[in-house]
Each structure stands twice: as structure tokens, then as C-alpha cells.
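These notebook entries record what I looked up in one structure. I begin with helix packing and then turn to sheets and loops.

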Amino acid sequence: MGAQVIATQEITLGLTSQSLVFDCPDGRPSAVTSVTVYEADADDTATAEAATTGSAAVDTNPNTTLSVAAGVGDQSITVTSATGFAVDGRYLLTAAAGHREEIEVAGITGSVLTLRHPLINAYLITTSTVVTGRCTISVDNTWAADVANLSPALTPNARYRVRWLVTVGGVAQVYDRYFDVVRYPARHNVSPLDVERRHPGWLDGLPIDFREGQGRALIDRAWQALKEDLRQDGKADQAMRNSEMVAELVITRTMLLRNEDAFLVGSIDAPRLAAARELYTRRYDAAIRSPVAPMDTTGGGGATSNRPTPIGRR
């Protein structure tokens, strides 16, 4: 089911064939009873948005069993059918006895799935299942094309709330997820080589868990951390209109995360961590809190420049 959607989803204004996504954390739903969209500040008695069309569905695959027993510490499993699995996808492995764990696929060779992390539990053949919990419903094209449905540009909180009513293990469960309608989805566009160019030796020093993807997962973590920093300052990530500035903030946030991870396992000392934190804070304060970063203040896509005052006029 790919990386789980737990962050605010972004629907792009005017694009067709988009879907709202729900990754059920408690197992594979046997049914989706209803999906209702509200303004985020409206309660369940309010008039629902006409944001969806058709019926919601649970992804057909993966929905399979183990064809070979797996033990504690194993870092690969063999499944009856590999249909629907994807590298970096997360799935739920459950034993007949009831214990379960979330797995992340690092590689696929035939019916053998290489896992990102070793198994914590043991699983028997045929009675252990590997499933996706992903559910989707189509976004109504007309609704998605209406500019009146755009989310406010500078508001960091989502405009819309989605109420998913599903059945899991024979029990009805209700979940909330959130999304925005934007003209331009927020992206960072930073590659591992961008970080390496800025900080030579970064690639060689990556922990084992991050080497396979050249640290892309760490960069994505940094992007999520930057988005949270922006939210704490009451700013929306999708409103930023300077790609170089976004890239610099993501790169320095990546290095800060790398140093935080290293400090927690005793690989670096406190002064080195403090230096990384100071560099990121200085960049962030200058770009966002001063500010000089151009922002889309209306939701129309254009930017309002924040020009610093010349020294002679201060």
C-alpha cells in the first residue's frame, strides 16, 4: 500500500481521477460503510461536502498468506502471492494466534519479500496472513475543480475532515483523516546528491538502514520535520514559493536529524549536535521568522515577496 498516509493529504485543484486514501491501522477492513467529508471545524451534524463520488473500496491486494514459516529475527518472508506488494510498502503480518506486526518491504524477489527490519514474532505457514489495510474513494472532479473549495493559503491546519466508517474484525470503527485542496502540492525536490554536495561525506556516513535508498527516507523525515516546524509557527508548507530556500532548509534539517540520531546512540558528542541545531535554527529564523521567504498569501499561486529593509533605511 506504499507509505502509509497519516499526514494531511493534498488534493490538487482541477486535476481529475484523484482519490482520498485511508490506511486502517487496526487491520484489513472487511467493508467500508460510509465516507463523509466535512469542513474541519464542522461537527458530524453539519451538511457534508459533495467531495466524493462512487463507493469506497478496500484494495484487493496484497491479501495473502505465508507459504513458508517465519521465525523471530528473520528478515525475509515467503508469501503465497506477491501481487500488489511494493518496495517501501507497509503491510500487516498477523498470526492465527493473534499477534501481529507492521512490516516494511525493502525488496521483492519472486514470492520472497525482504524486510526493512527483522521480525519480532514467529509465524506459521498458511495460517499467517499478510494484508493491506488501504481503502480509497474517488474525489468528485467537479468539486475538485471549484476554486471555492481551495484551502486557505497561510493556514497550517487542514480545511477538510474525512469520517471513515469501516468494519474491522467484525466491529464497526470510526476514523478521522484530513486533507486540503491546493493549487500546488508541497514538495521539497531534494535528492541525496544535493545533501552530499552541501555536506561532503554525508552519503558515506549514512547508517545501514538508510544506505539502500541513499538516505532518501532521512530526507523525507526532514521534510516532515520542517513542515511541523512551519505549523508551529502558524505557516503552511504549500504556501512557500522559493524552491532554493525550501531545499536549503530541508538539507540543514536532514543534517540535524542525522546528528540527533547519532547523538542518541552515542556516536557524536553534544557540541557537534548543538552546531547542527544552531545552523538549522539560523537558516530557519532568517528565512521564515524574519522573514524573507516569498509566500502565497491568497491561494492563487502567486507569491507576496518579503523584501528585507535596506540597512540605510532602518
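Entry 1, a helix crossing. I looked up how α4 passes α6 and found a right-handed crossing. This is a predicted model. Helix α4 covers residues 216-232, and its axis comes within 12 Å of that of α6, at a crossing angle of roughly 50°. Sorted by class, the contact of α4 with α6 holds 5 nonpolar residues, no polar ones and 1 charged one.

With which residues is Asp 229 in contact, leaving aside its neighbours within four places in sequence? I found Arg 253, Tyr 280 and Tyr 284. With Arg 253, the contact of Asp 229 is a polar one between the two side chains, at 3.0 Å.

I turned to helix α5, residues 243-264, and helix α6, residues 270-289. Their axes lie 9 Å apart, and the packing angle is about 160°. Since angles over 145 degrees count as roughly antiparallel, I recorded α5 and α6 as roughly antiparallel to each other. The crossing of α5 past α6 is left-handed. On the α5 side, the contact includes Met 245, Leu 249, Arg 253, Leu 256 and Phe 263. On the α6 side, I noted among others Leu 273, Ala 276, Tyr 280, Tyr 284 and Ile 288. By class, I read 13 nonpolar, 2 polar and 6 charged residues in the contact of α5 with α6.

I read the strand order as β2-β11-β4, with antiparallel pairing. Which strands stand at the edges? They are β2 (19-23) and β4 (52-58); each has a single partner strand, so one side of each lacks a neighbour in the sheet. From one strand to the next, the twist averages 15°. I also checked β4 against strand β11, residues 134-139, and found 4 bridges in the antiparallel sense. Thr 53 has Ser 138 of β11 as its bridge partner.

The order here is β1-β13-β12-β3, and the pairing is mixed. At the edges I found β1 (9-12) and β3 (31-39), each with a single partner strand, so one side of each is left without a neighbour in the sheet. The twist averages 30° from one strand to the next. Strand β13, residues 171-182, runs parallel to β1, and 4 bridges join the two. For Ile 11, I noted Val 181 in β13 as the bridge partner.

As background, most residues other than glycine have a negative phi, and most peptide bonds are trans. I therefore looked for departures from this pattern. The peptide bond from Asn 61 to Pro 62 is cis, with omega near 0°, and Pro 62 lies in the loop between β4 and β5 (63-65). Thr 126 has a positive phi, near 65°; I located Thr 126 in the loop between β9 (112-115) and β10 (129-131). Asn 189 also has a positive phi, near 60°, and belongs to the loop between β13 and α2 (192-198).

Notes
Residues numbered from 1 in each chain as written. Predicted model: local features only at pLDDT ≥ 70, side-chain atom pairs only at ≥ 80, totals over all residues. Heavy atoms only, no water. Axes fitted to C-alpha atoms, helices over the stretch in contact; angles between N-to-C directions. Parallel < 35°, antiparallel > 145°, perpendicular 65-115°, else oblique. Left-handed = near helix turned anticlockwise from the far one by under 90°. Contact = heavy atoms within 4.5 Å. Nonpolar A, V, L, I, M, F, W, Y, C, P; charged D, E, K, R; others polar. Pairing = 2+ DSSP bridges. Polar contact = N/O pair within 3.5 Å; in protein donor to acceptor, adjacent residues only side chain to side chain.
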